[in-house]
Amino acid sequence: MTHAALFRFEWAAARRGRIVPWFAAGFALAAVGVALAGLSAGGVVRVQGFARTSVSLLQLTLWTVPMLALLLGAVQGAECQELEFLAALPAPRSRLVFGRWAAWTLALTAALVTGFGAAGLVIGTLAGAADALRYLALIGIAAALLAAGLALGLWIGVAARSRARAVGVAVAVWFALVIGADLVGIALLAALPARDATWGLTALLIANPVDAARALGLGLFGADVVAGPTGAALRRLLGGQGAVLLAAALVTWIIVPLRLAGRRFARQDL
Amino acid sequence: MNAGPSGIELVGVAKRFGERPALAPLTLTVAPGEVVALIGPNGAGKSTTLRILAGVIHASAGVARIAGWDVAAEPLRARLHLGYLPQRLGVPLSTVVGDLARLVAAARGVPAEAGAQALADAGLGDRLDAPLAQMSGGQRQRVLLALATLGPIQALILDEPSISLDVEGAEDVRDAIRAARRRGAAVLFASHHLSDVAQLADRIGVMVDGHIVACGTVSELAHTAGIPWSERPAEPLIERVYRALVRGPVRAFDTPLRVVRGGAA
């Protein structure tokens, strides 16, 4: 059986789910909300431009997108245990996992593009099109993080074998990636000499898809300008090849968990 | 490697779940065009046996073959010739019937229209756009049965196919099994419905505690159980045989004559 047949099957299921329009609306509201809230402290309600909106939205994206992707992936992965009829069809089991990942990645990316795109139209109309490419880059980074989170969630779900356990592990992993890694970074800075801490932080950036996306985002937006000394330090740390390294790390975070999920699903009893 | 058109074969197949043995090494062959029923109490190992053949779980020892293909070594070739109806639904409830039909048709290498036609033949031609969630348990079972028998399958494995079905649905299942037999497929099914077993099975395997304690025709089983054989009706006789073999002390039948515990059936 071709990948295409399984993808079409999973895509039809993902497309029919009510989850996609809700996420599109959520992304749109979040983007417009961030664009409006950025300047409201000055006493006026005005839409801020793409550059500031993108940087503000990046932080929100780094928290919400991994949570969404990990939870959804974990539930979808756990559901694979129940696909006895499909698993007995003449197709490698790993393709079931891959088809599921591809369909949900596409569906949620469509929601992301629709939501952020609608908000982008509002921002562009009211605040001008300057730095729109940075906003598009943010969407790309969010989509990559989404794909990595779904792959990781699928692996968790396939390995956990029950929905409740899968969701519990996914929440713990989200906490570790979004908050735990930062705490480790702070501890490294405090405990190690500056030279060793630099290497440690670089390793942390690559070892954590959320931090890789964060660093990639800050780099693309001109980190030293929009993120102050932190951003400047980040740019120094990563050097010229930093973006390539981070993008490669994100892609690795898609491929490796996906392969592990497929291999695990192929070998285990349903 | 393909050993020829041999229907369904289990050779010394055993299964352990952790430390717990679920299936003793068992050997069973279902020839092309033959129908064999597995009966026995819950937990006897019927579903485990069928799920190993379907490739859904992996045997701890032994070899299972479908149409001559080892389900562990050549799973795709084996499954290409296999129709499998699991006891549980086995697909998401949100699945739309037409989408599932297209997927199964693609998997079996037949035109998508063949899937729709199979559903139409099962009286479900008007439900292609319906999600399984909006169908009764019986309708879902008919959908899966129609699609399980799609394409040139050489083996059909059904786990409690009549469960939760009304009289008409149960007759559909029996018709599907008869049709598969006419097409030369080897059919192995597990059932608690002894009427199905009486009407369909050429041979019956009685399972207890992971063993096939006896396997043969109704008359052979009756002989094994020491019950006088009469041609008709078969169902009460099977019930008596079942009670004698399953509820009686299994060792009482552990004679070289018919009992196949751990041996060939």
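The report below goes through helix packing, the sheet, the domains and the chain contact in turn.

This is a predicted model, in which local features need pLDDT of at least 70 and side-chain atom pairs count only at pLDDT 80 or more, whereas totals for chains, interfaces and linings use all residues. Residues are numbered from 1 along each chain as its sequence is written, and chains are lettered from A and ligands numbered from 1 in the order in which they are written.

Helices (H or I, at least four residues) and strands (E, at least two) are DSSP runs, numbered from the N terminus. Axes are lines fitted to C-alpha atoms, for helices over the stretch in contact, and angles run from 0 to 180 degrees between N-to-C directions. A crossing counts as left-handed if the near helix is turned anticlockwise from the far one by less than a right angle, and as right-handed if clockwise.

| Helix pair | Angle | Axis distance |
|---|---|---|
| H3(A) (residues 50-79) and H7(A) (residues 163-191) | about 155° | 9 Å apart |
| H9(A) (residues 209-220) and H12(A) (residues 242-267) | roughly 145° | within 9 Å |

H3(A) and H7(A) are therefore roughly antiparallel to each other, a label given to angles over 145 degrees, while those under 35 are roughly parallel, 65 to 115 roughly perpendicular and the rest oblique. H3(A) passes H7(A) in a right-handed crossing. Residues of H3(A) including A:Trp63, A:Pro66 and A:Leu70 meet residues of H7(A) including A:Arg163, A:Val173 and A:Trp174, where contact requires C-beta atoms, placed from the backbone, to lie within 7 Å. This contact of H3(A) with H7(A) has 17 nonpolar, one polar and one charged residues; Ala, Val, Leu, Ile, Met, Phe, Trp, Tyr, Cys and Pro count as nonpolar, Asp, Glu, Lys and Arg as charged, and the others, Gly among them, as polar.

The crossing of H9(A) and H12(A), by contrast, is left-handed. Among the residues that make the contact are A:Pro209, A:Leu216 and A:Gly219 of H9(A) and A:Gly242, A:Leu246 and A:Trp253 of H12(A). By class, the contact of H9(A) with H12(A) has eleven nonpolar, two polar and no charged residues.

**The sheet and domains of chain B**

In chain B, six strands form an open sheet in the order S6-S7-S8-S3-S9-S10, with mixed pairing, two strands being paired if DSSP finds at least two bridges between them. Strands S6 (82-85) and S10 (211-216) of chain B stand at the edges with a single partner strand each, so one side of each has no neighbour in the sheet. From one strand to the next, the twist averages 15°. S9(B) (residues 203-208) pairs with S10(B) in the antiparallel sense over five bridges, and B:Val206 has B:Ala214 as its bridge partner in S10(B). Helix H8 (residues 218-225) of chain B lies across S9 and S10 of chain B and runs at about 120° to S10(B).

Chain B is divided into domain 1 (1-81 + 153-265) and domain 2 (92-151), with bounds that come from an automatic or database domain assignment. Eleven residues of domain 1 of chain B are in contact with nine residues of domain 2 of chain B. On the domain 1 side, helix H6 (residues 167-182) of chain B gives the most, with five residues.

**Contact between the chains**

Between the chains, 21 residues of chain A are in contact with 24 residues of chain B. The largest share of the chain A side, five residues, comes from H1(A). The residues of that side divide into 15 nonpolar, one polar and five charged.

Technical notes. Contact = placed C-beta atoms within 7 Å.
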